[in-house]
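Hi,

Here is the structure we talked about handing over. Please open it alongside this note; what I found follows below.

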Amino acid sequence: MGLKLFSINHRDHDLGAVERLNPLIDDELETRLHSEPNVYGVLVLATCNRVEILVDTNDVDQTNRTVRQLIESCTAVGPSTPIKPTEYSENDVVEHLCALACGLKSMVVGEREITGQLRHALRRAHNRNTASGPICTAIDAALQTARIVERETGLSGIGRSIAAIGLDHAGQILGDYRNITVTLFGTGSYAGAAVTHLKERGCRRIYVHSASGRAQTFAEGRGLTAISNEDLPRALSETNLIISCRGFGAQTVTANHVRQKMAHRKNSGQLVVLDLAIVRDVDPRVADIPGVTLIDLETVRTLVPDLEPARTSRAHQIVEEAVDAYRHRQASRALDPVIIRMRNHMNELVAEELARVPQRALNHADVEKALNRLANRILHRPTAAAHAAGARGEYDEYIDALALLTGQAINNEKEETA
């Protein structure tokens, strides 16, 4: 039994490949894979720039075939170019997860959202009963590593995220956020992160719209204004920045929406449309409308600044140390099945001797007799092995093994015969 991980991410593929896998995630991939023979656990992490499929399996070859078939089933959603995931096995899985949790493999290195997304993926697997022990152990090691990296380097605390970089770029175009009106489409976790970043930049006027009807609940306590379908045209006429992060596969912002907005706008200057969805919310043709700037995930990828080497160098070192510690822990548990069988055997011996104890009030002689019987049964095989070792000339080797087993220093001086 071992861990296998399949990664489709922004480094090895374009974001369109990640987008094409979205129907697969919606189809409860964990459950489908978990139903396969010899699969003991499945966890799927899906973000706007990666899909990670972690499998605990006893048949790696069959699991490889199944995952590839599921990925190929998404080809019809987009271009015909095949999606070939990067594969990790055994200890390489944990190294990848640790680096991932620390933000070292994110589109924006050091992003702070990834640990929350990883925790959410683990909760989802628990809720679907697909989180096996090895998967939980590996994810826990990754999250613990992320905490150490944050404590020692502050890597994930410097405000870098996809939303932050997109908003910074929008601010360069529009100016002071205190004078910007925003219309936000979506009420999920990414929308919440966008609101946090907007408020950090001084934005005061934020409309929120949700086709699912959750806008009012989302707006309450955040100081936002929820708008209905009827209010949307008026809100858009005042808007400088549209942010969409729904990702449901249907276009939230169409070219016609934007043309109408530009024709009836109450404010002058540029309109910026920020699309943060894994599956595009915004019609790409919006970018062709005069006076409109479209910022999507591909744009954000080109805007990511480099971090100073000292931060990332120490983070990589911490990941290496964490992986070494994980490997050591796993190696130390390799003989756990043997230990369990040994304990079970001893418990059986004790139970058998207890069954022979007289069913009456016991005296000292009864207890002594039972314990001596148990000791003789335990020592029978080691005694026979000692005689055999002596006959083979393996005296010292046997003494060393016996000392290791009992924890007692055994006198290995051979008695001299008179």
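**Helix α5 and the cores**

Start at the end of α5: Gly 103 follows this helix, and its phi is positive, near 80 degrees. Keep in mind that this is a predicted model.

Helix α5 spans residues 91-101 and is mostly covered. Of its 11 residues, 8 are buried. They are Val 93, Val 94, His 96, Leu 97, Cys 98, Ala 99, Leu 100 and Ala 101.

Now the cysteines. The structure holds 0 disulfides. Cys 98 is in none, and its nearest cysteine sulfur, that of Cys 102, lies 6.6 Å away. A disulfide would need the two sulfur atoms within 2.5 Å. Cys 98 counts as buried because its relative accessibility is 1%. Cys 102 also counts as buried, because its value is 3%.

Next, the packing. The largest nonpolar core has 36 residues. Leu 43, Leu 54, Leu 97, Leu 104 and Ile 139 touch the most other members. At least two residues of this core come from each of β1 (2-9), β2 (39-47), α5, α6 (113-127), α7 (133-153) and α14 (309-332). α7 gives the most, with 9 residues.

What does Ile 139 contact, leaving aside its neighbours within four places in sequence? The list is Leu 43, Leu 54, Leu 97, Leu 118 and Leu 122.

There is also a second, separate core of 32 residues. Ala 191, Leu 198, Leu 241 and Ile 243 are among them.

Best wishes

Note on methods. Residues numbered from 1 in each chain as written. Predicted model: local features only at pLDDT ≥ 70, side-chain atom pairs only at ≥ 80, totals over all residues. Heavy atoms only, no water. Buried < 20%, exposed > 50% of the residue type's maximum accessible area, 1.4 Å probe, protein only. Helix = DSSP H or I, 4+ residues; strand = E, 2+ residues; numbered from the N terminus. Core = buried A, V, L, I, M, F, W, Y, C linked by side-chain atoms within 4.5 Å. Contact = heavy atoms within 4.5 Å.
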